[in-house]
Structures are given as C-alpha cells and as structure tokens.
Amino acid sequence: MKFFDRYPLIDLSELNRCVLCHEAPCTAACPRGILSGDSLRSLYFMNGMGALEKLHELSCEGCDAPCEKACVLNAKSYPVRIRWILNSLRGGGREYFEDLKDKPESDLSSEVCGVPLENPFLLSSSVVASSYEMCAKAFSAGWAGASFKTICNFPQHEASPRFSSISSHSNSFCGFKNIEQLSDHSVEENMEVFRRLKKDFPTKVIIASIMGQNEEEWTSIAAKCQDAGADLIECNFSCPNMENRDLGSTIGQDPVLVERFTSAVRRGTSLPILAKLTPNVADMVPVALAARRGGANGISAINTLYSITGVDILSFVAEPEVHGHTIVGGYSGQAVKPIALRFISDLSRSHGLKGMSLSGMGGIENWVDALEFLVLGASSLQVTTAVMQYGYRIIEDLVSGLDYYMRAMGFKSIPSLVGIARDTVVEHNELERDTVLLPRFNQDLCIGCGRCSIACYDGGHQAIEFDLELRKPKLIGSKCVGCHLCRLVCPSKAIDVAPKRISRRNP
C-alpha cells in the first residue's frame with residue numbers, strides 16, 4: 001500500500017537538507033501560492049498525505065523555482081531541490097490521496113484517567129509548558145493539553161548552559177541531555193497561570209505536575225492545584241536533576257516512598273492522579289503497583305534516563321560544560337523511544353495494573369512514533385524534546401498523519417487502537433524458534449553497493465556472495481540463518497522477506 005511507503009520517489013537525503021525554516025522564505029516566494037515550506041515539513045514528519053493536501057491542485061510544472069532562489073541555504077551552499085521534491089510527491093501519491101481524502105475524518109478524541117482529550121497529544125512537564133504564553137500558543141496550535149512544568153515550594157538554581165545533544169547527519173537531535181530543574185515561579189504565580197488558562201481555554205486539559213519535600217507539601221500543593229482549576233495531578237517521582245538527592249528519581253526508585261507520597265497527594269485532592277515514573281530501574285511494574293496502592297489512577301512513563309552525552313576532547317570535560325564540570329543528566333529524544341516502548345509494554349501487560357491509564361512519552365517526534373505508543377497500551381501521549389527542536393507546529397502533522405493512517409486502515413477511533421499490539425510481546429520461552437525466514441533480493445532496486453555482503457561476512461554468517469563484475473549479491477541459503485542484518489544495512493531497501501519458511505528444527 002502506498003500509504004506505508006516512505007515516499008520511494010523522493011530522495012530523503014535531499015528532503016533532510018531542509019532546515020524547516022520559521023515563516024519559510026520558499027513559501028513567500030512562490031508565485032502560485034504553494035505552501036512549499038509547510039509541505040516539506042509534513043514530508044519531514046512522515047505525513048505524505050498531509051503534504052499532498054497542502055498542495056491542493058497546484059503544480060510546480062513550468063515554474064522557474066523562485067522558491068529555490070529564496071531558500072536560506074543559497075547563501076552558504078546550494079538550495080534544497082524544492083520543485084523536484086514537490087513534483088515527485090505529486091507524481092508518487094496523488095491518486096491514492098484522492099481516494100483517501102474522501103473518507104470521513106477519524107475520531108481522534110481520547111482520554112487520560114477518564115478526563116476527555118480532543119486528541120491524544122499533550123505537552124509533557126518541562127520548559128515547553130512553563131508559562132501562560134507558551135501553553136496558550138500550544139493550545140491555539142492544536143495541542144489537547146499540557147502537563148505544566150513541575151511546581152514546588154523550594155528555590156531552583158539553574159546552570160548555564162544546561163543542554164547537550166547527539167545529532168544525526170542532518171543536525172537533528174538523536175538524543176538530548178538536559179540538566180534543567182523545576183519551575184522557578186512560586187506556587188502562587190503558577191496557580192494564577194492555571195486560572196488564566198482554564199478561563200481562556202476551557203476545553204484544554206491542564207495536568208499539574210508537582211513535587212514536595214515532605215508529605216505535607218505533596219498534600220498542600222495538590223489541593224492548591226485543584227482549587228486553581230487543574231484537571232489532573234501528576235506526581236513527579238522521576239526528575240534526575242535534583243540538588244537534593246532525596247527527591248525526584250530517588251523517590252521513583254523506591255516503591256515504599258512512591259506509595260507514601262502518592263497517598264499524601266490523594267489526601268489533598270479528589271482529582272485523578274498520574275504517577276510519573278523513572279526508567280532508571282530494572283522493573284517499573286513494582287513501583288507502578290505501589291503508586292496504585294497509594295491512590296494513583298494512571299502512570300506517566302518514561303521520564304529521562306541518566307546520561308552523559310559526550311566529552312569535549314579538547315577540554316576533557318563532559319557535556320554540557322558548566323565552569324569545568326557537568327553532572328549526570330536526563331536523556332530524551334528519539335534515542336530513548338525503544339526503552340520507553342519497553343516500559344509501556346511492561347505496564348500495559350501487567351495484570352496488577354489493569355484498568356490504569358497510561359500516558360506515554362519518550363522520543364515521540366512524528367505520528368508513527370505516537371502510534372507505536374498507542375498500540376502498546378498508552379491512551380495519551382506527551383512530548384517535549386521534539387517541540388524544543390521543531391516547535392509547537394509539529395502538532396499539525398501529528399494529528400493529520402494519525403488521522404490519514406486511521407482512515408487508510410479503517411480505524412474509527414483512538415480506543416480501537418489502544419493496546420492492539422499488547423499481546424504480541426511475549427516471554428522468551430514463548431517465541432517460535434523452529435523456522436527461518438530467508439531474505440530475498442530485489443535486483444531492480446539493488447544499487448550494487450555490496451553493503452549486505454560486508455555486513456553478512458563481518459557481522460553475520462558469510463551467507464551472501466557478491467559478484468564484483470556484475471555488482472550483484474547472491475544468497476547462500478545453506479548458510480543463512482535468517483537474522484536479516486542485510487535488510488537493515490541495505491541503503492536502497494532492496495531486500496525483503498521470502499514468502500517461504502524453512503524448518504531448521506534440531507533433531
């Protein structure tokens with residue numbers, strides 16, 4: 001199905017050169033009114049149908065591409081091939097889009113602990129949800145709500161700088177480290193923000209993330225948040241950056257403390273309670289069960305991982321350097337998504353947690369990431385790092401991409417998606433291990449690079465011969481164990497799976 005192709009007619013390396021400009025000059029320069037910058041952004045976030053929708057019936061044919069002349073890359077190198085990308089997009093998917101757009105829009109409404117959401121997407125508790133102005137802008141853009149930056153009674157002492165990252169070749173974050181602390185506004189100032197937001201955006205959901213130094217503070221802050229109009233309370237049991245080592249993730253690693261402080265919050269509020277848990281544990285389920293015993297209605301997971309992203313090889317100080325030192329900080333972004341999905345799966349499959357709401361986070365950048373959390377059991381989704389890099393505007397493609405997927409697949413609502421992949425995750429001894437699926441080469445797509453042969457010989461089972469004269473690979477079936485490393489390294493996606501299973505059952 002074309003919907004699931006990653007736009008095979010489009011050179012993704014060229015698309016990834018686009019820097020996703022603010023108020024893109026290419027759009028302003030188009031004499032035909034094509035939203036070229038917005039279309040490129042939708043493609044970047046894997047929303048090909050949304051990109052086609054922005055083109056309407058407009059075409060780049062016969063145009064001398066003033067958009068490319070306006071591209072900001074022109075000043076330093078050469079412009080993105082905008083006209084070619086948009087023409088390729090139209091040629092590759094227009095017919096399928098025409099069939100799909102006539103289907104009714106999906107119902108993207110969801111819930112968190114029984115509180116209705118207009119869509120599953122929330123800002124997670126962080127700098128991206130730390131003031132009235134920021135939340136108002138996000139709500140106006142289409143976010144369903146926000147978990148406000150954690151409210152506390154004790155002063156914050158921020159470091160500068162406080163971020164570092166691991167970046168891909170296109171300079172996007174693969175992983176992101178922060179040593180950021182909690183809200184630097186007083187409890188009273190933040191309560192005023194809640195009151196203003198509820199007055200101006202009554203349909204949006206406000207989650208009050210809180211942290212106390214003792215049971216009395218957990219109770220009193222929760223009560224104040226409820227009085228100010230919060231819809232839910234989220235207990236921050238997971239921040240890794242606390243000056244006081246007895247707070248944050250230290251609590252989240254101890255089921256006794258989690259139960260005690262959750263109970264304290266319950267004494268202060270009748271609102272639903274989320275326990276935000278740390279991934280810096282071997283098993284999150286016992287901690288989640290403790291939160292449930294304390295009165296929590298749901299779990300938020302995951303917060304950030306303990307990390308050091310790198311070391312400056314000239315100064316020999318780990319990053320981010322603060323006057324010659326750093327600390328172990330919280331790691332987020334796309335790199336942590338596999339870990340986040342693992343914990344969501346664990347929580348979703350636990351019988352003891354059945355019926356609890358799961359709010360998933362950790363590496364969500366596009367609608368495909370979001371979908372993976374939903375099908376493993378989360379009913380709401382929280383995002384920070386992608387917003388820090390790309391802005392609140394990503395909500396458009398999160399919503400649009402998910403909607404088009406649901407139309408294509410026949411899903412009518414978010415609840416019909418939640419948890420449908422849950423039972424595909426099994427224990428080690430339940431996995432079928434008696435047959436082999438062999439790879440199959442598509443010679444029409446093969447570019448003759450030989451990467452499959454190198455990987456198989458040096459990292460696999462020497463099961464691929466490579467003809468240097470013809471520059472073609474050939475499988476040695478008797479040696480192949482079906483590990484599919486070759487498929488992962490192939491740059492042209494020219495290797496798929498043979499339909500026949502081969503039995504390799506031991507005698």
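How many strands make up the closed barrel here, and in what order do they run? Eight of them, going S3-S4-S7-S8-S9-S10-S13-S14, with parallel pairing. Before I go on, keep in mind that this is a predicted model.

From one strand to the next, the twist averages 25 degrees. Let's look at one pairing inside it. Strand S9, residues 273-276, runs parallel to strand S10, residues 298-301, and three bridges join the two.

Helix H7, residues 132-141, lies across S3, S4 and S7, and runs at about 165 degrees to S4. Then there's helix H13, residues 337-349, which lies across S10 and S13, at about 175 degrees to S13.

There's also an open sheet, with four strands in the order S5-S6-S12-S11 and antiparallel pairing. S5, at 163-167, and S11, at 305-307, sit at the edges with a single partner strand each, so one side of each has no neighbour in the sheet. The twist in this sheet averages 35 degrees from strand to strand. S5 and S6 run antiparallel and are joined by five bridges, and you'll find Ser164 standing opposite Lys177 in S6.

On to the aromatics. The count comes to eleven aromatic pairs. Take Phe139 and Phe201: their ring centres are 5.5 Å apart and the planes sit at 70 degrees, which is over 60, so we call the pair edge-to-face. This pair links distant parts of the chain, since Phe139 is in helix H7 and Phe201 is in the loop between helix H8 and S7, 62 residues apart. Both Phe139 and Phe201 are buried.

Tyr405 and Phe411 make a stacked pair, 6.3 Å centre to centre with 15 degrees between the planes. Tyr405 is buried, at 10% relative accessible area, and Phe411 is buried too, at 19%. And there's an aromatic cluster formed by Tyr44, Phe45 and Tyr390.

Last stop, a helix crossing. The axes of H4, residues 48-55, and H16, residues 395-409, come within 8 Å and cross at roughly 105 degrees. That makes H4 roughly perpendicular to H16. Who makes the contact? On the H4 side it's Met49, Gly50, Glu53 and Lys54, and on the H16 side Glu396, Asp397, Ser400 and Tyr404. Sorted by class, the contact of H4 with H16 has four charged, two polar and two nonpolar residues.

Technical notes: Residues are numbered from 1 along each chain as its sequence is written. This is a predicted model: local features need pLDDT of at least 70, side-chain atom pairs count only at pLDDT 80 or more; totals for chains, interfaces and linings use all residues. Side-chain values use heavy atoms; hydrogens and water are left out. Axes are lines fitted to C-alpha atoms, for helices over the stretch in contact, and angles run from 0 to 180 degrees between N-to-C directions. Angles under 35 degrees count as roughly parallel, over 145 as roughly antiparallel, 65 to 115 as roughly perpendicular and the rest as oblique. Contact means heavy atoms within 4.5 Å. Ala, Val, Leu, Ile, Met, Phe, Trp, Tyr, Cys and Pro count as nonpolar, Asp, Glu, Lys and Arg as charged, and the others, Gly among them, as polar. Two strands pair if DSSP finds at least two bridges between them. Rings of Phe, Tyr and Trp (its six-membered ring) pair if their centres lie within 6.5 Å; planes under 30 degrees apart count as stacked, over 60 as edge-to-face and the rest as tilted. Buried means under 20% relative accessible area, exposed over 50%, partly exposed in between (1.4 Å probe, protein chains only).
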